[in-house]
Amino acid sequence: MKKRELEQSIHTDLSRDDDYTGYLQLDKLLSAQKGLSDPPHHDEMLFIIQHQVAELWIKLVIHEVNGAIRDLREDKLPQAVKKLARVRHIQNQLYSQWKVLDTLTPAEYAEFRHVFGKASGFQSAQYRILEFRLGNKNRAMMPVYEHQPEWHAVLLAALESPSLYEEFLAYLARRGMPVPQSALERDFSEVRDEDPAVVSVLRTIYENRGDNWARYETCEALMDIANNFQFWRFHHMKTVERIIGHKPGTGGSSGVAFLRKALDIEFFPELLRVRTEIGSS
């Protein structure tokens, strides 16, 4: 086997403050996998890392979505689209992770599931923030986070502020498109019903894409994110079904039946509706 010599220019006079471990805080990160099974169950490490990594990716998605929202507010549409393209790739990572958890068998999981107590992915504050940022607002979810005041405050801000899609509509209005005021000045904590006037605006973009290319591209970027979210939800449901069947969830939900209901919730429904309208008389 060939040996690679260490280049003389490589830094070896390092401290823990300026090396790779220090910059990434790996001491903290890699010591956060603390299983509760006793004796330690081999597969609990998989379960913990799976969910910790998912939380890190979701943190990055929120970061990019928040950045896209700021860009839209500043009328920087190309920059927003760039960030949404990155979100799409992050979502692919989140989706692919389920394949790893699919290797956990029902018998293996049953041997350590009891150690979670009432803990459940349903309680993820970051997941809920992301749903709120994408427009699936639901104030009824807020009591779940009352025991976490810092997360509750962030969630409340996301609940009551315009979503990514609503910021896009506001951008379109500023650029002279006839977005109705009812979509721009309202209680953003409530889910807005589909509006034919908004669908008409979107139809104009799609049917005159040569004159509205950046807006058209943004619509498709939003649809990519919505579809990827649904793919993620579906694989989540099937992974849970594969591992625990139709047992109740640890957080008190009905389990698979509860997850299946989420598939009926679509982000950006007007972007779906316009597809029916395009090409019709």
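Residues are numbered from 1 along each chain as its sequence is written, and side-chain values use heavy atoms, with hydrogens and water left out. Because the model is predicted, local features need pLDDT of at least 70 and side-chain atom pairs count only at pLDDT 80 or more, while totals for chains, interfaces and linings use all residues.

The protein contains 12 helices and 0 strands. Here helices are DSSP runs of H or I with at least four residues, strands are runs of E with at least two, and both are numbered from the N terminus. The C-alpha trace spans about 65 × 60 × 40 Å along its principal axes. Of the 281 residues, 41% are buried. Buried means under 20% relative accessible area, exposed means over 50%, and partly exposed lies in between (1.4 Å probe, protein chains only). The accessible surface is about 16500 Å², and carbon and sulfur atoms contribute 55% of this surface. Such areas come from the Shrake-Rupley method with a 1.4 Å probe; for residues, only the protein chains shown count as cover. Contact means heavy atoms within 4.5 Å. Among contacts with a separation of 6 or more, 69% join residues 24 or more positions apart.

In helix α6 (residues 125–134), 10 of the 10 residues are buried, so the rest of the structure largely encloses α6. The buried residues of α6 include Y127, I129, L130, F132 and L134. Just after α6, G135 has a positive phi of about 110°.

Helix α8 is likewise largely enclosed by the rest of the structure, because 9 of its 11 residues are buried. Among them are L164, Y165, F168, L169 and Y171. The cover over the buried residues of α8 includes α3, α4, α6, α9, α10 and α12.

The axes of α9 (residues 196–207) and α12 (residues 269–277) come within 9 Å and cross at roughly 65°. These axes are lines fitted to C-alpha atoms, for helices over the stretch in contact, and angles run from 0 to 180 degrees between N-to-C directions. From α9, V198, V199, L202, R203 and Y206 take part. From α12, the partners are E270, L271, R273, V274, R275 and E277.

Several loop residues stand out. L104 lies in the loop between α4 (77–101) and α5 (106–110). L104 counts as buried, at 2% relative accessibility. Leaving aside neighbours within four places in sequence, L104 contacts D43, L46, F47, Y109, F112 and I243. In the loop between α2 (26–29) and α3 sits P39. A cis peptide bond links D38 to P39, with omega about 5°.

Two residues other than glycine have positive phi. D75, in the loop between α3 and α4, has phi near 60°. F268, in the loop between α11 (256–262) and α12, has phi of about 55°. D75 is partly exposed, with a relative accessible area of 31%, whereas F268 is buried, at 3%.
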